[in-house]
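Please read them beside the structure.

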Amino acid sequence: LALSTLSGTAFAETTASGCEHSFSDVSDHWAEESICELYTSGVVNGYSEKNFGPNSEMTRAEFVKILVESLGYNVYAVQSAAFIDTATDAWYYAVVSFAHSKVLVSGYSDNTFHPNNSITRAEAVELLVNASGYSSADTSNLNHDFYDVSSQDWYATSLAIALENGIVQGYGDGSFRPSNSISRAEACEMLVKALNTILQ
């Protein structure tokens with residue numbers, strides 16, 4: 001996750017559950033518990049010893065990395081699964097090609113992945129549900145009720161599953177805002193909720 005390794009650091013922050021971390025910009029943050037859980041399990045790190053950057057946007061490649069690592073996969077590069085815009089010497093090549101080989105991610109119709117683009121709310125939901133292995137039979141009675149989401153949208157079924165399991169929620173105005181980018185804090189919160197429900 002494009003991040004520096006922290007070692008030999010004296011923990012300065014403790015969450016309500018007793019989780020310890022050193023990020024001053026996460027103290028009392030709404031996603032502090034989720035960030036700390038993933039940090040202590042080695043899934044995410046910070047930009048520096050004291051800075052996690054919870055409000056910074058997360059890229060598609062970064063999200064794939066934390067998803068794959070949180071699931072405990074032994075990641076290796078899959079040469080045949082490369083997208084035309086994921087160079088073999090890029091830091092994310094192994095996780096993206098591996099995730100593609102496991103049918104966790106897909107690219108665009110032109111065989112690109114856009115690894116450095118910020119991941120959207122819809123894309124994150126789709127990745128989490130893909131990793132869960134839900135089948136269409138599981139979703140026959142699931143619904144959503146957002147004015148900016150059509151039942152024909154490519155992510156609509158995944159969104160219904162995510163809503164049913166409390167992984168995401170909408171906004172007070174009745175929207176979901178599927179094209180909005182998610183922050184690092186939001187990504188951590190979504191992933192932890194998914195790990196506790198559909199990714200068990």
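1. Helix 1 has Glu32, Ser34, Ile35, Cys36, Leu38 and Tyr39 as its buried residues. Buried means under 20% relative accessible area, exposed over 50%, and partly exposed in between, with a 1.4 Å probe and protein chains only. These buried residues of helix 1 pack against strand 2 and helix 6. Helices (H or I, at least four residues) and strands (E, at least two) are DSSP runs, numbered from the N terminus. After helix 1 comes Gly42, with a positive phi near 85 degrees.

2. A word on the source: this is a predicted model, in which local features need pLDDT of at least 70 and side-chain atom pairs count only at pLDDT 80 or more, while totals for chains, interfaces and linings use all residues. Residues are numbered from 1 along each chain as its sequence is written, and side-chain values use heavy atoms, with hydrogens and water left out.

3. As for the overall layout, the protein has 6 helices and 2 strands, in the order β-β-α-α-α-α-α-α along the sequence. Of its 200 residues, 48% are buried. Contact means heavy atoms within 4.5 Å. Among contacts between residues at least 6 apart in sequence, 64% join residues at least 24 apart.

4. How do helix 1 and helix 6 cross? Their axes come within 8 Å and cross at roughly 75 degrees, which makes helix 1 roughly perpendicular to helix 6. Axes are lines fitted to C-alpha atoms, for helices over the stretch in contact, and angles run from 0 to 180 degrees between N-to-C directions. Angles under 35 degrees count as roughly parallel, over 145 as roughly antiparallel, 65 to 115 as roughly perpendicular and the rest as oblique. On the helix 1 side, Ser34, Ile35, Glu37 and Leu38 meet Ala185, Cys188, Glu189, Leu191, Val192 and Leu195 of helix 6.

5. Setting aside neighbours within four places in sequence, Glu189 is in contact with Trp30, Ala31 and Ser34.

6. Gly18 is in the loop between strand 1 (13-14) and strand 2. With a relative accessible area of 42%, Gly18 is partly exposed. Its C-alpha atom is separated by 9.2 Å from that of Glu33, 15 residues apart along the chain.

7. Helix 2 and helix 4 (residues 121-132) pack at an angle of about 25 degrees, and their axes are 11 Å apart. Helix 2 is therefore roughly parallel to helix 4. The crossing of the two is right-handed; a crossing is left-handed if the near helix is turned anticlockwise from the far one by less than a right angle, and right-handed if clockwise. Arg60, Phe63, Val64 and Leu67 in helix 2 meet Glu123, Ala124, Leu127, Leu128 and Ala131 in helix 4.

8. In helix 5 (residues 156-164), the residues Ala156, Ser158, Leu159, Ala160, Ile161 and Ala162 are buried. Helix 4 is part of what covers the buried residues of helix 5. Just after helix 5, Gly166 has a positive phi of about 70 degrees.

9. How many aromatic pairs are found in the whole structure? The search finds 8. Rings of Phe, Tyr and Trp (its six-membered ring) pair if their centres lie within 6.5 Å; planes under 30 degrees apart count as stacked, over 60 as edge-to-face and the rest as tilted. Phe23 and Phe52 form a tilted pair, 5.4 Å centre to centre with 55 degrees between the planes. This pair links distant parts of the chain: Phe23 is in the loop between strand 2 (20-21) and helix 1 (32-40), and Phe52 is in the loop between helix 1 and helix 2 (60-70), 29 residues apart. Both Phe23 and Phe52 are buried.

10. Tyr76 and Phe98 form an edge-to-face pair, 5.0 Å centre to centre with 80 degrees between the planes. Tyr76 lies in the loop between helix 2 and helix 3 (93-101) and Phe98 in helix 3, so the pair ties together parts 22 residues apart in sequence. Tyr76 counts as partly exposed at 44% relative accessibility, whereas Phe98 counts as buried at 2%.
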